[in-house]
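Subject: Structure handover

Hello,

Here is the structure I promised to pass on. Please open it beside this note and follow along.

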Protein chains: 8
Amino acid sequence: MDPDRLRDLLESVAARRIPVDEAMRELRDLPFRALGFANADTHRHLRTGFPEVVLGEGKTPEQIAAILVELARGGSTVMATRVSPDAAAFVCAAVPTARHLPVPRAIVVGPVPPPDRGRGVIVVVSAGTADVPVAEEAALTAELAGNHVERIFDVGVAGLHRLVAHRAVIERAEIAIVVAGMEGALPSVVAGLFARPVIAVPTSVGYGASLGGIAALLAMLTSCAAGVSVVNIDNGFGAGQLAAMLNRKRET
Amino acid sequence: MDPDRLRDLLESVAARRIPVDEAMRELRDLPFRALGFANADTHRHLRTGFPEVVLGEGKTPEQIAAILVELARGGSTVMATRVSPDAAAFVCAAVPTARHLPVPRAIVVGPVPPPDRGRGVIVVVSAGTADVPVAEEAALTAELAGNHVERIFDVGVAGLHRLVAHRAVIERAEIAIVVAGMEGALPSVVAGLFARPVIAVPTSVGYGASLGGIAALLAMLTSCAAGVSVVNIDNGFGAGQLAAMLNRKRET
Amino acid sequence: MDPDRLRDLLESVAARRIPVDEAMRELRDLPFRALGFANADTHRHLRTGFPEVVLGEGKTPEQIAAILVELARGGSTVMATRVSPDAAAFVCAAVPTARHLPVPRAIVVGPVPPPDRGRGVIVVVSAGTADVPVAEEAALTAELAGNHVERIFDVGVAGLHRLVAHRAVIERAEIAIVVAGMEGALPSVVAGLFARPVIAVPTSVGYGASLGGIAALLAMLTSCAAGVSVVNIDNGFGAGQLAAMLNRKRET
Amino acid sequence: MDPDRLRDLLESVAARRIPVDEAMRELRDLPFRALGFANADTHRHLRTGFPEVVLGEGKTPEQIAAILVELARGGSTVMATRVSPDAAAFVCAAVPTARHLPVPRAIVVGPVPPPDRGRGVIVVVSAGTADVPVAEEAALTAELAGNHVERIFDVGVAGLHRLVAHRAVIERAEIAIVVAGMEGALPSVVAGLFARPVIAVPTSVGYGASLGGIAALLAMLTSCAAGVSVVNIDNGFGAGQLAAMLNRKRET
Amino acid sequence: MDPDRLRDLLESVAARRIPVDEAMRELRDLPFRALGFANADTHRHLRTGFPEVVLGEGKTPEQIAAILVELARGGSTVMATRVSPDAAAFVCAAVPTARHLPVPRAIVVGPVPPPDRGRGVIVVVSAGTADVPVAEEAALTAELAGNHVERIFDVGVAGLHRLVAHRAVIERAEIAIVVAGMEGALPSVVAGLFARPVIAVPTSVGYGASLGGIAALLAMLTSCAAGVSVVNIDNGFGAGQLAAMLNRKRET
Amino acid sequence: MDPDRLRDLLESVAARRIPVDEAMRELRDLPFRALGFANADTHRHLRTGFPEVVLGEGKTPEQIAAILVELARGGSTVMATRVSPDAAAFVCAAVPTARHLPVPRAIVVGPVPPPDRGRGVIVVVSAGTADVPVAEEAALTAELAGNHVERIFDVGVAGLHRLVAHRAVIERAEIAIVVAGMEGALPSVVAGLFARPVIAVPTSVGYGASLGGIAALLAMLTSCAAGVSVVNIDNGFGAGQLAAMLNRKRET
Amino acid sequence: MDPDRLRDLLESVAARRIPVDEAMRELRDLPFRALGFANADTHRHLRTGFPEVVLGEGKTPEQIAAILVELARGGSTVMATRVSPDAAAFVCAAVPTARHLPVPRAIVVGPVPPPDRGRGVIVVVSAGTADVPVAEEAALTAELAGNHVERIFDVGVAGLHRLVAHRAVIERAEIAIVVAGMEGALPSVVAGLFARPVIAVPTSVGYGASLGGIAALLAMLTSCAAGVSVVNIDNGFGAGQLAAMLNRKRET
Amino acid sequence: MDPDRLRDLLESVAARRIPVDEAMRELRDLPFRALGFANADTHRHLRTGFPEVVLGEGKTPEQIAAILVELARGGSTVMATRVSPDAAAFVCAAVPTARHLPVPRAIVVGPVPPPDRGRGVIVVVSAGTADVPVAEEAALTAELAGNHVERIFDVGVAGLHRLVAHRAVIERAEIAIVVAGMEGALPSVVAGLFARPVIAVPTSVGYGASLGGIAALLAMLTSCAAGVSVVNIDNGFGAGQLAAMLNRKRET
């Protein structure tokens, strides 16, 4: 409940414009709506810098389309992640304003905001070609939250010179998202070479002992380099969202 | 915030006995005290039927003794679980009213309440001798919460006749806590033979493929018998506490 | 063997109406029919409060239809779980009295009994949209066993205010079934806020480190809140069945 | 190398009918043909009591058909396991003497031998309907090796009376193969009740915490009953083959 | 209940030497003593060929000594397994007739029976020096059950010639117990070379990727050789007991 | 190699003050010193805001003392983590300027810098008493890097009101480090209630299914709340270091 | 940067043919191109003995075709691995010079080089028919790198005589690649019998406890034989590439 | 059996100096001594380049001393690995010629052979200080086999410049052994930068998600760099032995 609204109510009670019983009804549920208030703060806070998001996986195309339409009604930019090609075709036919981005497997409704909400640049680094969808999901998420994003793709541990070639971009960045499958060594190397905070994203790329991304996940968690933290396997969205939160200019 | 207190406040505002600013201050923190209220309910509810508990593991003997003294001050019965023999000796020397129960590795301060808080009997069944400490921890916990507890120990799957011999006790019980290590088959058999709800407690008894209780845990989770749910490995306390909550006469 | 029948037999022997050899034949198999007797008790006991159930998974549509017809012959309500849409279509065509409930992936033959067999309300709480099928399976199972069920869906840990809004329902409930995938934190939170006994149902919703529901399962097993026990991943049926057993009015 | 052949050779050398160089050539590879000799024993030994077997999984229908024809040429009975329905249709069309057994997913060429090679009866016990294919594979394998097999199916832990009803068959058996998925408790119970040696076969039947049969496998390995050993998940063939070897009348 | 006793009872009733009420009392508990009867059969059966056994692990020296004395009272040979050196010293001091066998970590009270209860020889094969305690536990168990046991130790996969040198012993044996840690390949090789039924015993010998015996366990379960079944890691006792059951001359 | 130095060299060559061969020698190793340069940047960068650190675990007290003395020689503040009490006593005796902090198990040499290097406050939240050492390690690390740190301890999921009571501190913080063992739900709840970026630190507190912290780790990785990333189990130091990097005022 | 090019540059500076500023530009990026230089060495080095390789898995047929055409432009032999039959058909239609090798699931463009780049023979040994695709991938890779390869297929542990029959080939080989699924014992046996260095390749062949190749992987890692190292499950390509590197004649 | 000895025997038979029966006895066991011959080759082969080795772990000091004395009797150099400090003290007291090397936890009896048996240099690279014992075990093993070994220690991924500083040594080496714990990235980086064949040795250094070395093991197995194979966790000895076999000058 926002303070102005509360003051109005109390003043109306004091002025006897509103009887006590009616004010009671209004206030009665305050304690248990409390978390809701906290949460509304959260929502408002998030809305200032963040798109609404729909996890496409596990939903029917009809459900995705309906939720996108609903969320976009308020005018904010909306994003659906992990949308299969078939679902994307259905949704784009049903929602004319929807744009399908096949590489990050996403659908976006509404404009990409100008990149003016972050303190600095977010750089997204990825190891192999097969990691690109996850890396693009991270990059898109950060861009939809109003960040300037630089992409440095295909710079695996077996070819560090390509990574070093982009040193200036990485060292200037506020935060680096580093995406890698297989042995997951790239975040350690980036953090060791450039001393930037790294959000490490393991991917399920690989086979056999990569255990669907577990090998990369464990490697990233046990990194000996400073400044590395980890999100779930293939969670490009979560990395992009966290990077946007960390890069956000603080409201004073 | 209780309704009467809220009405008083609003009426004082309406009567201009309290200025709006002061009412604002009073009400401002309501939203965030909300969960605290909910929780105070919880605590009161728990206090009516339950001993205070200290997890002894990972605490120094000095810490256990201090917390027991502190908690017992209010007059309620207090229990410390997973207390090593050395710690128990120290605590009993420091807290003269403390009683050490070596089998369930527990210390109790205060009287055992009369067994009049439950709707029925809680039966605790265990498979092997090595499972007894966990079974006794469950039984003691339920007794300290005011329940009548029956113990049927040492009735492993390899000797079902001993189990059947106690059929009357089991079938009359409100709920059965079944404790077993190794292959963890006993809860399935008890639930299959007697159709009582079973709280299954896997123990870490066993070696090799028992994986510290994981084999028993998985077996219990995949039980084909009706009415089985599972708590953590060796968690006799949790089983006893849940059984007491399920057996509690409902306040009307 | 019931005592009256045994007394009749012995008196017939004493009266020499039945020769010893015939009594021998009658009594010879008693020891090994023993467990059968126990079990018949079980069956009778279950029948009083419970629908017959067919696990649809791993059976052909023809098998499901045949078993449903067979079980429904006795007049009791019958339920098939984990039925695929294709199998459901076949079964409903073959068994005209069958009703298909697509969300809990179930087929029901026979009437839903009146909710008068339980001591109180069973509340089913679920975290995300993707957890609803498992939650609905739990709710349906409890309803078919004659319970009053309340549903509180889509109240994940990231939006606790929605949960708190339903506090009255939860606090009045006899038992809560809490269904959650991913990090599986909801049962801990429900048990901590409301002090109700919780049957926690992990779901396979999630990806990567959720390991097909293992992450949620482990989190629920290691819950620091009082009164939580756990069933198998996605086992809505088992949770509903256990809740019904726990909620059953005891025959006196 | 058989002794007579060696004596002939040496006598021919002594009689100078064979020059030393030629004997050298003959003997030179002896050491490395050694294991081959051992192995030929093995083969001969196996042929006396055992069908030839083809693992169908991972082979094309053409390959299965070709190998069956090749193996059956010598007149022995031949079996292919884990044959999909499509592959079975192809093979039966291509090999007119092939019989398809859909439940154990097997194809057999040649007659079932009379059950006269075993010392006693092999009993195959299984828990649920879904375990039957594995149980039938075990039974068929033992039958094709010339054993008398008794089947006791659908006697899960939740209905022990059905198991006890078959006590006579089990107690007379030379060896019991016990097949179960989910919590895998049946082998422990059979071994505990009847004191027969048990070959336990875990199946992949189940979901969630059954981990594709791992839960049943671990439970069987940690059985507290005497006389239980375990084969791989779903390995009905291996269990049948081992039972046949154990039941074999020893050549004297 | 044995048939003669039952006939006596019925004839006494027929002859009115025993009133019906007294017969009722006698017979009333028959159904639920049923499993006990089955189990008594088991016990009797086991006693004819088997020592009583105490699992020493997890028991105090005082408990081990007390149980050994109790069990030995009946005159049968008794064995305690997994006894630490300290516990063994205490037990041997307390029970003068106890003999400590340090390699298999066992204590035996009573004579080793003559090796006349088996159909043939049981051979125990082990891979490395560190596997010997488990192998000796298996051998001792089988000997105490009245079997002739041959030991072939230290014949790892890296030195197959030593194994082949003992071919005669292995091929004559009724059953082979094969004990190995690390990669656990020995049972496959023994079963492949000699076509004997093999009870494979994985040991916890090894480090790193041996995972406390899991590597050997998995290798043995997935053996491509015919006739291999597996017991728990380090479970020499179980292997010896099973081998004795399989080798037992059948009572006719 | 810095540009001025390179220009000097080339101009010296152009002016023939340095012969080509000498310039060759100077430049020859440039390519392979490259990474060293990058790294020197890193070191310089780190030195500006960060203490030198010694991982105490796995080192002898003598080694820890020697390294501390060596590192402290340059005047910077130095920290040793995971120091056992015995090692700490030795080190403090050997290095008079060393201070032992027993709760975070750390030794510090040199002054705590003023908290003026961060943009905002770092808040450290922990669930249970047993998580405090890890939480204190995180707090100390951040403080030694010149940050203002607020501690909110003992606010587990089972008592959310205590957490809510500290809402102002959390919402004002630049970043939150959330430390929890067992089911690891606290980071999800904090991120959900307060919309702050969360560095989640699972601890090894717990038993059984907590699997040494794996349960908490998986729960944190699969959190459904926005803005959560994870470091290794018990890695308070890594969390503190990352928080300091994220909070650092950027040099312009 | 190669020394001659550097000397030219410096001499041009000394001769004032190139101004210092231009030389600066040329040299400025040297430090960060450093790893690139190292890597160029790598590439050149690899090109002398190695085909270019494309991992087909996870790429569209169009992508595979495009990359093959691009890589083959330079005239070197190019290989694509893990190509599905459908993708292979597309690629062969699009790239007329492409040859599809269905067993190793590979596509090759360009000639197989003469086998003159290795010091000796590389022998590839495999256990079962299902392991052949992985074994052929290893053999093809080594052949495309200019090696003489001998194949010994279908020599599982259960038929060691077939292995021994090929002893001469194995003992003459420079290195052995040994491919096996299921229990993965073959590398241990080959290394034990022949004392050749062994690159062990576990395959995903098997079911149940083979855990997709984990059982074989663990067995190979814990091999008790000398000279065994291991690559990823099903990684025939990696084994062939490593064998080629180890067999390479060293440039002097 | 060596050919000369066989020719002698046959010529003696031809010359009738030895009767056929005596030759029979001599030759009779040839087939089964076959593998022994193969193995004797192995042994001889190994002896030419390799020390005898005793695995100290799991043996008593007395056993280690006795075996060392026995093995050293033949004059060859002997090595014991994984010897605890206490055992080492005992052994050195008992065997005056024994030298204890505390870092690699080894005992050596006999001289280090001159480094003249390898084709080139073996380089041992390790990541952290805690990995040194494993790295030294590898280096010592290779040196005792007559190789020239270079050590490059403490060059973790977080400080690649130190690694690059040693480029000349690594690029000249015949083979690199790379030892690393935690995230295990170093082998990938070494193989990527220098294109040398790498034997990767994961160590158990680390905590939490390093899972006793499993994280490093998986990372190494899934390395995206060419030329990496892996041995067991902490298996410095195995890596050194394999490197020596690979580096061995081939006997012509």
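Two strands count as paired if DSSP finds at least two bridges between them. Keep that in mind for the first item. One caution too: this is a predicted model.

Strands in chain E

Start with strand S2 of chain E, residues 78–81. Strand S1 of chain E, residues 52–55, pairs with S2(E) in the parallel sense, over four bridges. In that pairing, Val53(E) has Met79(E) of S2(E) as its bridge partner. S2(E) also pairs with strand S4 of chain E, residues 106–109. Here the sense is antiparallel, and there are three bridges. Met79(E) turns up again, opposite Val108(E) in S4(E).

Are the faces of S2(E) covered or open? Both are covered. Val78(E) and Ala80(E) lie on one side, Met79(E) and Thr81(E) on the other, and all are buried.

A covered helix in chain D

Next, go to helix H9 of chain D, residues 186–194. How many of its residues are buried? Nine of nine. The buried residues include Leu186(D), Pro187(D), Val190(D), Gly192(D) and Phe194(D). Ser188(D) is buried as well. Just after H9(D) comes Ala195(D), with a positive phi of about 55°.

Two helices in chain H

Two packed helices are described by the angle between their axes and the distance between the axes. In chain H, look at helix H6, residues 132–144, and helix H11, residues 236–247. Their axes come within 7 Å and cross at roughly 35°. The crossing of H6(H) past H11(H) is right-handed.

Which residues meet there? From H6(H) come Val134(H), Glu137(H), Ala138(H), Thr141(H) and Ala142(H). From H11(H) come Gly236(H), Phe237(H), Gly240(H) and Gln241(H). This contact has four nonpolar residues, four polar and one charged.

Cysteines

A disulfide is a covalent bond between the sulfur atoms of two cysteines. How many are there over all chains? The count is zero.

The cut-off for a disulfide is within 2.5 Å. Cys224(G) is likewise in no disulfide, with the sulfur of Cys224(E) as its nearest, 16 Å away.

Best wishes

Technical notes: Residues numbered from 1 in each chain as written. Chains lettered and ligands numbered in written order. Predicted model: local features only at pLDDT ≥ 70, side-chain atom pairs only at ≥ 80, totals over all residues. Heavy atoms only, no water. Buried < 20%, exposed > 50% of the residue type's maximum accessible area, 1.4 Å probe, protein only. Axes fitted to C-alpha atoms, helices over the stretch in contact; angles between N-to-C directions. Left-handed = near helix turned anticlockwise from the far one by under 90°. Contact = heavy atoms within 4.5 Å. Nonpolar A, V, L, I, M, F, W, Y, C, P; charged D, E, K, R; others polar.
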